[in-house]
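Please open the model in a viewer and keep the selection tool at hand. The tour moves from one site to the next.

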Amino acid sequence: MESAATKTEKERLLVVRYLVKHFPVENSDDVVRAVDDISFDIREGETLGLVGESGCGKSTVGRCLLRLIEPTSGDIVFEGKEIVGLPAEEMRGLRREMQIIFQDPYASLNPRMTIRSIVSEPLKIHGIGRKADQKERVADLLQKVGLDPKYADRYPHEFSGGQRQRIGIARALALNPKLIVCDEPVSALDVSVQAQVVNLLQDLQSQLGLTYLFISHGLAVVEHISNRVAVMYLGKIVEIASSADLYKEPLHPYTQALLSAIPVPDPKKKRERIVLKGDVPTPINPPSGCRFRTRCPIAIEECAKVVPELRELKPGHFAACIRAPGYLQTTSTVETKVGA
């Protein structure tokens, strides 16, 4: 009989351990610590939201997962296969299973290519199907994302921002991937269009069994689409929990501050806003101990000395804060718990 641990292992589509990405600073020995030792997993069929302020390393994480940029160190295991250090030819084949939707629907589409050429390009690169098959596949994909196939011979400038993003989604679906990195796919769109695109992504996930890493700074959008949410600050993950638990009872003071900034749709209700002091420190020389301590409203002297690790403070709810309730009484970290 299959053990619970083995079953859990099979459910994980992607496992990330101790991921680090440092960028060298020109004419200096310093490095930008964009992503600094993070671990998480994504289960098959779920949406993991990745949130945080601009510059915290969210997009760098997404690009490292696909090896669009090379990690400095760490392990990335996709379907049981370690992909860090994988030869280029093997990685190219694996990219059929892993795709990305870019943030900017204007910059991510080649203005000199027709929509048919853009959407069919992955099929041509991987040598899938004859020309007639590719044409049929493009028509099917455009219908799936809510566009009329008769527009396939038009150019990107003839479409609105929301329509362009649908084209980007169709391109990402062309190879029938299992994992899609959604890199802030709605942040450049109007609010009403954002809802349409998010609903489309959810419908496609249900129809095709997709798994998403949904990167965003729009906390309301992330709550709507995500099963679990990871919160990043200055290259570190500071909290991971189910969407319901994180939004109901955030344990890390940074998460609490982020959620306090979400507008309340009822004008009669008021949310107590937590205003953080100071600016985000430089990732070139981050603070000692807890990186959030320089802006934290509950920081103590010990926060400058201890680098907090993610610990499971409630079932499935991890936080990295020595001031969080129950933190000092537990030793179960996200690495040991998820890797068990």
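The stops below cover a pocket, a pair of helices and a cavity in this predicted model.

**The largest pocket**

Next, colour β6 (98-101), α4 (115-125) and α6 (161-173), each of which supplies at least two residues of the lining. By class, the lining of the largest pocket comprises nine nonpolar, four charged and three polar residues.

**From the pocket to a helix pair**

To display the contact, show the side chains of R166, I169 and L173 together with G162 on α6, and V193, Q196, V197, L200, L201, L204 and L208 on α7. Eight of the residues in this contact are nonpolar, two are polar and one is charged.

**The largest cavity**

How many cavities of 30 Å³ or more does a search of the whole structure find? The search finds one. The largest cavity holds about 60 Å³ of space. To see its lining, select H252, P253, C290, F292, R293, C296, A299, C303, P308, C321, I322 and R323. This lining divides into nine nonpolar residues, two charged and one polar.

Definitions and conventions
Residues numbered from 1 in each chain as written. Predicted model: local features only at pLDDT ≥ 70, side-chain atom pairs only at ≥ 80, totals over all residues. Heavy atoms only, no water. Helix = DSSP H or I, 4+ residues; strand = E, 2+ residues; numbered from the N terminus. Nonpolar A, V, L, I, M, F, W, Y, C, P; charged D, E, K, R; others polar. Contact = heavy atoms within 4.5 Å. 1 Å grid on protein atoms, 1.4 Å probe; cavity = no way out; pocket = protein on both sides within 12 Å on 5 of 7 lines; lining within 4 Å. Points joined across faces, edges and corners; volume = space filled by probe spheres on them.
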